[in-house]
Amino acid sequence: MEMTYSQRLKLMHALCLAATHRDDETPNTNLDEYDALNAADYLSCYVTFKAIQSADRSPLAERSENFDMLSVYHAFALLSYAFFTTPLVQENIKPDFQAVQITIAKTLFAGLPDAELIEIVESGLNKFQLIADAEAEHWTQFRENVDKLVIALVVAATDDDSPHTMEEVLPIFGQLLSQLCEAFESA
């Protein structure tokens with residue numbers, strides 16, 4: 001039986017949670033109890049965390065040395081979320097982009113004061129809009145690369161016939177995040 005895109009997101013969410021559960025926890029394997037939009041939210045943060053690690057970035061140090069970089073991470077997560085959720089429209093599932101901005105910021109930057117979160121959300125959204133609306137070839141190519149990478153990750157995680165594993169695809173998110181960081185560091 002062919003899986004729908006929303007089922008693939010739910011499966012990825014369940015697999016990621018199962019991979020990170022503690023020994024005293026039993027992972028939830030009932031995909032009907034997962035929500036596709038919550039899965040997209042989780043996966044956007046997951047790939048952003050993995051990208052930060054893969055790119056050897058240090059959000060803790062950047063908080064004091066280059067605070068604006070945190071908004072670049074937020075913009076990257078929003079861009080990932082946009083591409084994770086775009087196919088859901090075909091299943092009449094519409095993301096709440098306003099709410100998810102806050103959820104992503106609170107997930108990525110748990111423990112930061114509200115004033116800093118607000119600054120990150122506002123600046124991250126501005127960067128996201130800049131990237132989304134830009135017509136310059138390098139931004140168009142960057143968006144296409146993120147879109148292709150999200151698709152590759154979904155296939156790698158949910159298709160047994162995939163030529164790649166999720167672990168092989170995840171580090172490429174770090175390369176794209178590095179490109180994004182470089183673009184905004186030099187801006």
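H5 crosses H6 in a right-handed sense, where right-handed means that the near helix is turned clockwise from the far one by less than a right angle, and left-handed means anticlockwise. Helices here are DSSP runs of H or I with at least four residues, numbered from the N terminus. Before going further, please note that this is a predicted model, in which local features need pLDDT of at least 70 and side-chain atom pairs count only at pLDDT 80 or more, while totals for chains, interfaces and linings use all residues. Residues are numbered from 1 along each chain as its sequence is written, and side-chain values use heavy atoms, with hydrogens and water left out.

Stay with that first pair for a moment. Helix H5 (residues 97-108) and helix H6 (residues 114-133) pack with their axes 10 Å apart, at an angle of about 125 degrees; the axes are lines fitted to C-alpha atoms over the stretch in contact, and angles run from 0 to 180 degrees between N-to-C directions. That angle makes H5 oblique to H6, the class left over once angles under 35 degrees count as roughly parallel, over 145 as roughly antiparallel and 65 to 115 as roughly perpendicular. On the H5 side, the contact (heavy atoms within 4.5 Å) is made by Phe97, Gln101, Ile102, Ala105 and Lys106, and on the H6 side by Leu117, Val121, Leu125 and Phe128.

H5 also has H2 as a partner: their axes come within 10 Å and cross at roughly 40 degrees, which makes H2 oblique to H5. This crossing of H2 and H5 is right-handed. Here Asp41, Ser44, Cys45, Thr48 and Phe49 of H2 meet Val100, Thr103, Ile104, Thr107 and Leu108 of H5.

Now turn to H1 and H7, whose axes come within 9 Å and cross at roughly 70 degrees. H1 is therefore roughly perpendicular to H7. From H1, Tyr5, Arg8, Leu9, Leu11, Met12 and Leu15 meet Val150, Leu153, Val154, Ala157 and Thr158 of H7.

Where does the largest pocket get its lining? Helix H1 (5-20), helix H2 (36-54), helix H7 (137-158) and helix H8 (166-185) each supply at least two residues, and H8 gives the most, with 4 residues. The lining includes Leu15, Tyr46, Lys50, Ala157 and Glu167. By class, the lining has 9 nonpolar, 1 polar and 2 charged residues, with Ala, Val, Leu, Ile, Met, Phe, Trp, Tyr, Cys and Pro counted as nonpolar, Asp, Glu, Lys and Arg as charged, and the others, Gly among them, as polar. A pocket is an open set of points on a 1 Å grid over the protein atoms alone, where a 1.4 Å probe fits, with protein on both sides within 12 Å along at least five of seven lines; lining residues have an atom within 4 Å of a point.
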